[in-house]
2 protein chains.
Amino acid sequence: MHLTVLGLLAGALTTFSFLPQVWRTIRTRSARDLSWVWIVMMSVGIGAWLAYGILGDDLPVIVANGITLLLVATLGVLKASQEKISTAS
Amino acid sequence: MHLTVLGLLAGALTTFSFLPQVWRTIRTRSARDLSWVWIVMMSVGIGAWLAYGILGDDLPVIVANGITLLLVATLGVLKASQEKISTAS
């Protein structure tokens with residue numbers, strides 16, 4: 001049980017450390033400092049960790065990477081929508 | 001065996017996605033866009049994942065978070081040394 005709590009704590013810290021980046025991208029409406037290489041590498045990497053957690057029945061790994069994948073996907077959507085706007089104007 | 005390979009692949013992707021940030025900080029000699037809150041949260045979070053991996057005897061979690069902890073620690077050292085230089089000049 002303690003190990004699960006440790007894993008959930010670790011996941012909370014590393015997942016929440018993405019929030020300032022997502023918040024700054026929303027507030028400034030600018031995702032220029034995010035590269036598509038980084039977004040794709042993180043999405044595939046976190047997706048693989050999520051599969052690893054599901055196959056290994058590892059709750060902390062599933063929860064942390066599930067939420068982080070949503071955050072990174074949000075950054076991808078923001079970047080795509082901003083690039084669409086700037087090419088349209 | 002396949003699960004370990006999946007975990008090591010996931011770890012390689014999420015760990016290597018830190019390299020551009022570390023490289024840019026070294027090249028530009030500027031860590032201004034990195035906050036101490038982010039560095040501390042990531043260090044404690046990744047340290048907790050490392051402990052989680054060691055206690056759970058989980059090789060991919062140990063390897064990925066061990067290397068990532070070194071990268072984040074490098075960012076912290078770079079930021080501290082650059083702040084020392086700017087206050088001295």
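This is a predicted model: local features need pLDDT of at least 70, side-chain atom pairs count only at pLDDT 80 or more; totals for chains, interfaces and linings use all residues.
Helices here are DSSP runs of H or I with at least four residues, strands are runs of E with at least two, and both are numbered from the N terminus. The axes of H2 (residues 19–28) and H4 (residues 59–88) of chain B come within 10 Å and cross at roughly 20°, where axes are lines fitted to C-alpha atoms, for helices over the stretch in contact, and angles run from 0 to 180 degrees between N-to-C directions. H2(B) is therefore roughly parallel to H4(B); angles under 35 degrees count as roughly parallel, over 145 as roughly antiparallel, 65 to 115 as roughly perpendicular and the rest as oblique.

The residues that bring these two helices together are B:Leu19, B:Gln21, B:Val22, B:Thr25 and B:Ile26 on H2(B), which meet B:Leu71, B:Thr74, B:Leu75, B:Leu78 and B:Gln82 on H4(B), contact meaning heavy atoms within 4.5 Å. By class, the contact of H2(B) with H4(B) has six nonpolar, four polar and no charged residues, with Ala, Val, Leu, Ile, Met, Phe, Trp, Tyr, Cys and Pro counted as nonpolar, Asp, Glu, Lys and Arg as charged, and the others, Gly among them, as polar.

Chain A has four helices and zero strands, in the pattern α-α-α-α along the sequence, and its C-alpha atoms fill a box of roughly 55 × 25 × 15 Å, taken along the principal axes. Within chain A, helix H3 (residues 36–55) and H4(A) pack at an angle of about 155° with their axes 9 Å apart, and they are therefore roughly antiparallel to each other. Their crossing is left-handed, and the residues of the contact of H3(A) with H4(A) divide into 15 nonpolar, seven polar and two charged. H4(A) also holds A:Lys79 and A:Glu83, four residues apart, about one turn of the helix. A:Lys79 forms a salt bridge with A:Glu83, the closest N and O atoms being 3.5 Å apart; a salt bridge is a side-chain nitrogen of Lys or Arg within 4 Å of a carboxyl oxygen of Asp or Glu.

Turning to where the chains meet, 27 residues of chain A are in contact with 27 residues of chain B. The two chains bury about 2,300 Å² between them, 79% of it on carbon and sulfur atoms, buried area being the accessible area (1.4 Å probe) that two parts lose on being put together, summed over both. In chain A, A:Met41, A:Trp49 and A:Tyr52 lose the most area to chain B, together 28% of what that side buries. Across this interface the rule finds zero salt bridges, although the structure holds two over all chains.

One helix pair that spans the chains is H1 (residues 2–16) of chain A with H3 (residues 36–55) of chain B, whose axes come within 8 Å and cross at roughly 150°. That makes H1(A) roughly antiparallel to H3(B), and the residues of their contact divide into 14 nonpolar, four polar and no charged.

Residues are numbered from 1 along each chain as its sequence is written, and chains are lettered from A and ligands numbered from 1 in the order in which they are written. Local features need pLDDT of at least 70 and side-chain atom pairs count only at pLDDT 80 or more, while totals for chains, interfaces and linings use all residues, and side-chain values use heavy atoms, with hydrogens and water left out.

Terms used:
A crossing is left-handed if the near helix is turned anticlockwise from the far one by less than a right angle, and right-handed if clockwise.
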